[in-house]
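Student: I am new to this structure and would like to go through it with you step by step. Could we look at it together first?

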Amino acid sequence: MSDFNHTWHYHSTAADGEPLLLVYEEETEFIALPVIRKHEGEADGKRQYALYSYAGPICSTNFALLNSGMQERFESVLKVFLEQHTIISVSVQLHPLIHKNFKPLGLGVLRKNPESMLINVSDGPDMRQEHYGDNFSNEVTLLKRKGYTVRQAVAIQDVDSFGEIFRRNMSPLNKGAADHYDKAWFRQMLRPGGFDSSLLLAGQGTQTAAGALLTFCNDLMQFHLAATHENFLFDAPLRVLLHEAVMLGRTLGMQYMQLEGLAGRPEVLFACKAFSPELYPGFKTWQISYGEADCRDTRSRKLRQPLSVAV
């Protein structure tokens, strides 16, 4: 089982690091971990690095069936690799389905990311109340009465327009990340290899009000990026985009849709993130850190903001 984050195409869009695939093999069995390696400065005349994985490990069998001895040996070899290549920290995002039965045996710790969730999009013809809140359907109906429509982008001008809206949304949160999402990045993500993608745009008349970049891989889809034009924030047209994304996912035979926070922070995309947390196992991060990196990680956890959601 894998998602679009595991593909080479997705990793090739990284402009601020070097994509690597770490593979541990024993005869016909393997564990593979795609990562981005980033330079983190120097200490004692040696360059230091951090590894980031937005996909998590995959293996030749289900993690529930994987021999624990093999995973122990994988972790042991990984630790040696990190020491040899002066890697001071590792952050691996795990998926609640793919990594349901994965947990580190002796290397690093797991951290929970409460601002992420997973929705079963094949769960029936209606938008279930426990997923989307009491008034979600009424709010979508109201948006349609106001003249909001949704279409799939086909022209390059639409892609560039959404990219500009997204950068304006992102800049106040993370200027460096906003600069990463240039025209070339969005165009490349809509000409993918190894997965499918689609850009949905919500509009009122001839004006583009909001957009959502969706990805599809196997039976997993992701509401990967979303943004709203500042002139339409009051109406929250992302609701109608979420509705149409779920309908599209069902048409394409998807089983689950992933939603995540923006720039690693609790954000204001969907009120449904505050509903029934037991329904949504959330995403976890496998973190490995040493020395100063461990201190920085501890400080960042203390500064982490509680989940607060509004639309």
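Student: What percentage of the residues of the chain count as buried?

Tutor: This is a predicted model, in which local features need pLDDT of at least 70 and side-chain atom pairs count only at pLDDT 80 or more, while totals for chains, interfaces and linings use all residues. Residues are numbered from 1 along each chain as its sequence is written, and side-chain values use heavy atoms, with hydrogens and water left out. Buried means under 20% relative accessible area, exposed means over 50%, and partly exposed lies in between, with a 1.4 Å probe and protein chains only. Among the 311 residues of the chain, the share that counts as buried is 45%.

Student: How many helices and strands does the chain have?

Tutor: Helices (H or I, at least four residues) and strands (E, at least two) are DSSP runs, and they are numbered from the N terminus. Counted in that way, the chain has nine helices and 13 strands.

Student: In β13, which residue is the bridge partner of Val-92?

Tutor: Two strands pair if DSSP finds at least two bridges between them. Strand β5 (residues 87-94) pairs with strand β3 (residues 46-53) in the parallel sense over five bridges, and there Val-92 has Ser-53 opposite. Strand β5 is also joined by six bridges to strand β13 (residues 283-289), and these two run antiparallel. Within β13, the bridge partner of Val-92 is Trp-286.

Student: Is strand β5 largely enclosed or largely open?

Tutor: Of the eight residues of β5, seven are buried, and therefore the rest of the structure leaves this strand largely enclosed.

Student: How many of the 14 residues of α8 are buried?

Tutor: Helix α8 (residues 238-251) reaches 20 Å from its first C-alpha to its last, close to the 20 Å expected at 1.5 Å a residue, where the expected span is 1.5 Å times one less than the number of residues. Its buried residues include Leu-238, Arg-239, His-243 and Ala-245. The rest of the structure largely encloses α8, because the number of its residues that are buried is ten.

Student: Which residues is Ala-245 in contact with, leaving aside its neighbours within four places in sequence?

Tutor: Contact means heavy atoms within 4.5 Å. With those sequence neighbours left aside, Ala-245 is in contact with Leu-200, Leu-214, Met-221, Phe-223 and Met-257.

Student: Which strands stand at the edges of the open sheet of six strands?

Tutor: The order of this sheet is β7-β12-β11-β10-β9-β8, and its pairing is mixed. At one point, β8 is joined to β9 by five bridges and the two run antiparallel, with Thr-149 standing opposite Gly-203 in β9. The edge strands each have a single partner strand, so one side of each is left without a neighbour in the sheet, and they are β7 and β8 (148-152).

Student: Is Lys-38 buried or exposed?

Tutor: Lys-38 is found in strand β2 (residues 29-43). Not counting residues up to four places away in sequence, Lys-38 touches Asp-16, Gly-17, Gln-48, Tyr-49, Ala-50, Tyr-52 and Tyr-54. With a relative accessible area of 16%, Lys-38 is buried.

Student: What is the phi of Ala-236 near?

Tutor: Ala-236 is found in the loop between β11 and α8, and at 11% relative accessibility Ala-236 counts as buried. Its phi is positive in a residue other than glycine, and the value is near 50 degrees.
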